[in-house]
Amino acid sequence: MQFTYATSLLLAGLAMASPIERRATPAADMVKQIAPKSEKCNSSAECRTNEQVAPILIQTFQDYKIYSAGQIAGVLALMAFESGDFKYKHNVSPGRPGQGTANMQMYPSNIKYAASIPDLKSKASSFTENSPDAQKNELLAMLTDDKYNFGSAPWYLTTQCDKGVQTALATGSDDGFAQYMKCVGVSVTGDRDAYWQRAKKAFNL
C-alpha cells in the first residue's frame, strides 16, 4: 500500500512515540496546528489532548483506508471544529439527544455507524430513529468510547459521501472541502474555514 506524505508523517509520529511518552511527535504537532486548543484538557472526562488523539487517528485512517492528504485534512478539520478542539463528544448546544462523536454526528447516522461496527452491530439493531431520548443517548454512550469516537467522520466520508465528493476532497481544494461540507449537511462558515485553512497548512496543501 502506498502512503501519501501526510499519512507517512502521521505514521512516523506514532513510531517515534514510546507506549508511555507521546510528547512532541510530528503527528501530535499536526493535530495541535489544526486544533490549537487541544494541547490541554479541562476537567471534562470527554476531553482529549492532541497527544492522546494522534495515535488513535493514525489507526483510524488506516482502518478506513484514507491516505489522501486532502481527505485526512478535511476530516481532521471537521472533527476539530465540531468537537471544540476535541473537548466534547456530545452535542452541548442545543443538546440534541444521541448527537455526538468527534464529528458531532446526528443520531440517525450514528445508528448506521454503530451497525457497521462488528462489536456493536447486534446492539445497534435495537435502536430506531423513533427511539426515546434515553435510548438515543445510550447508543451515543457506546460510540463515544475512544476506539469508536474518532472513526465516525472517516466512516461517514467513505460510506455516506459519493465518490465524486471523496475525489474532490482528495485534491485539497477549497471547492473540495465545500463539497464535503455539503455532504455532511452544512456550509463553509468562517469558523469552519479557519480550521480547514489550518489543516491545509499542516499538510502543505
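I'll start with C161, which is buried at 4% relative accessibility; buried here means under 20% relative accessible area, exposed over 50%, and partly exposed in between, with a 1.4 Å probe and protein chains only. Before I go on, this is a predicted model, where local features need pLDDT of at least 70, side-chain atom pairs count only at pLDDT 80 or more, and totals for chains, interfaces and linings use all residues. Residues are numbered from 1 along each chain as its sequence is written, and side-chain values use heavy atoms, with hydrogens and water left out.

Back to C161. Its disulfide partner is C183, with an S to S distance of 2.1 Å; a disulfide is a pair of cysteine sulfur atoms within 2.5 Å. The S-S torsion of C161 and C183 is about -105°, so this disulfide is left-handed. C161 sits in the loop between α9 (152-160) and α10 (163-170), and C183 in helix α11 (residues 174-184), so the bond ties together parts that are 22 residues apart in sequence. Helices here are DSSP runs of H or I, at least four residues, numbered from the N terminus.

How many disulfides does a search of the whole structure find? Two. The other one joins C41 to C47, again with S to S 2.1 Å. Its S-S torsion is about -95°, so the C41 and C47 disulfide is left-handed. C41 is partly exposed, at 33% relative accessible area, while C47 is buried at 5%. With the bonded cysteines numbered in sequence order, the pairing reads 1-2, 3-4.

Next, S38. It is in the loop between α2 (26-34) and α3 (50-63). Is S38 buried or exposed? Buried, with a relative accessible area of 0%. Leaving out residues up to four places away in sequence, S38 touches V31, K32, R48, T49, N50, D85, F86 and K87, where contact means heavy atoms within 4.5 Å. A polar atom of the S38 side chain lies 2.6 Å from the backbone oxygen of A35.

Last, the core. The largest nonpolar core has 52 residues, and those touching the most other members are L57, L76, M79, F86, L139, Y180 and F203. Such a core is a set of buried Ala, Val, Leu, Ile, Met, Phe, Trp, Tyr and Cys residues joined through side-chain atoms within 4.5 Å. Helix α4 (residues 69-82) gives the most to this core, nine residues. Outside its sequence neighbours up to four places away, L76 touches I34, L57, F61 and F203.

Conventions:
Helix = DSSP H or I, 4+ residues; strand = E, 2+ residues; numbered from the N terminus. Polar contact = N/O pair within 3.5 Å; in protein donor to acceptor, adjacent residues only side chain to side chain.
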